[in-house]
Amino acid sequence: GAVLLDVRTATEYDQGHVDGSLNISLGEIRERYTELDTTKTYITYCSHGLRSVKVKSILRDKGYKHVYNGGAMSDVERAIKATQQKK
């Protein structure tokens, strides 16, 4: 039920992303965070995990309580694959 939040640039997102993810970059998050639902759970990810940590902190500062750092896109993809294999 969590929303995957890709915090890379639009260009990076267009080059490949996790299916179903939402793209709001680190550079845009301070202007666009109001587009997100404070009651939902978000898992942030980026290329290496650094930007996703920053966005998690920004959203937490804005009152979002259910935000988690997923790290790098490859980590998120690996976790999704592992979950699907258990089904």
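**Entry 1: the tyrosines**

I started with tyrosine 33, which counts as partly exposed because its relative accessibility is 21%. The cut-off matters here: buried means under 20%. I note that I am reading a predicted model.

Next I looked up tyrosine 64. At 4% relative accessibility, tyrosine 64 counts as buried.

I then searched the whole structure for aromatic pairs and got two. One joins tyrosine 33 and tyrosine 64. Their ring centres are 6.4 Å apart, with 85° between the planes, and the pair is edge-to-face. Where do tyrosine 33 and tyrosine 64 lie? I found tyrosine 33 in the loop between helix H2 (29–32) and E3. Tyrosine 64 is in the loop between H3 and strand E4 (67–72). The pair therefore ties together parts that are 31 residues apart in sequence.

Tyrosine 42 and tyrosine 64 also pair. Here the centres are 6.4 Å apart and the planes stand at 75°, so I logged this pair as edge-to-face. Tyrosine 42 lies in strand E3 and tyrosine 64 in the loop between H3 and E4, so this pair ties together parts 22 residues apart in sequence. I checked burial too: tyrosine 42 and tyrosine 64 are both buried.

I looked at one more tyrosine ring. Arginine 60 lies over the face of tyrosine 68, at 5.7 Å from the ring centre.

**Entry 2: the nonpolar cores**

I turned to the nonpolar side chains. In soluble globular proteins, such side chains tend to be buried together.

How many residues does the largest nonpolar core have? I read 13. Leu5, Ile29, Leu36, Val55, Leu59 and Tyr64 have the most contacts inside this core. Strand E1 (3–6), strand E3 (42–46) and helix H3 (50–61) each supply at least two of its residues. H3 gives the largest share, three residues.

Leaving out residues up to four places away in sequence, I found isoleucine 29 touching Ile24, Leu36, Val55, Ile58 and Leu59.

There is also a second, separate core, with five residues. Among them are Leu4, Val18, Tyr45 and Met73.

**Entry 3: threonine 44**

I picked threonine 44 in strand E3. Is threonine 44 buried or exposed? Threonine 44 counts as buried because its relative accessibility is 0%. I traced its side chain to the backbone oxygen of serine 52, reached at 3.0 Å. I also listed what threonine 44 touches, again without residues up to four places away in sequence. The list includes Leu5, Val7, Ser52, Val55 and Lys56. Val67, Tyr68, Asn69, Gly70 and Gly71 are on it as well.

**Entry 4: asparagine 23**

I moved to asparagine 23, in strand E2 (residues 22–23). At 15% relative accessibility, asparagine 23 counts as buried. Which backbone oxygen does its side chain reach at 3.0 Å? I found that of aspartate 6. A polar atom of the asparagine 23 side chain also lies 2.9 Å from the backbone oxygen of arginine 8. Beyond four places in sequence, asparagine 23 touches Asp6, Arg8, Thr9, Ala10, Tyr13 and Arg32.

**Entry 5: alanine 79**

I ended with alanine 79, in helix H4 (residues 73–86). Alanine 79 counts as partly exposed because its relative accessibility is 42%. I checked its distance to aspartate 19, 60 residues apart from it along the chain. Their C-alpha atoms are separated by 13 Å.

Technical notes:
Residues are numbered from 1 along each chain as its sequence is written. This is a predicted model: local features need pLDDT of at least 70, side-chain atom pairs count only at pLDDT 80 or more; totals for chains, interfaces and linings use all residues. Side-chain values use heavy atoms; hydrogens and water are left out. Helices (H or I, at least four residues) and strands (E, at least two) are DSSP runs, numbered from the N terminus. Buried means under 20% relative accessible area, exposed over 50%, partly exposed in between (1.4 Å probe, protein chains only). A polar contact is a pair of N or O atoms within 3.5 Å; within protein, one must be able to donate a hydrogen and the other to accept it, and residues adjacent in sequence count only if both atoms are side-chain atoms. Contact means heavy atoms within 4.5 Å. A nonpolar core is a set of buried Ala, Val, Leu, Ile, Met, Phe, Trp, Tyr and Cys residues joined through side-chain atoms within 4.5 Å. Rings of Phe, Tyr and Trp (its six-membered ring) pair if their centres lie within 6.5 Å; planes under 30 degrees apart count as stacked, over 60 as edge-to-face and the rest as tilted. A charge sits over a ring if NZ of Lys or CZ of Arg is within 6 Å of the ring centre and within 35 degrees of the ring normal.
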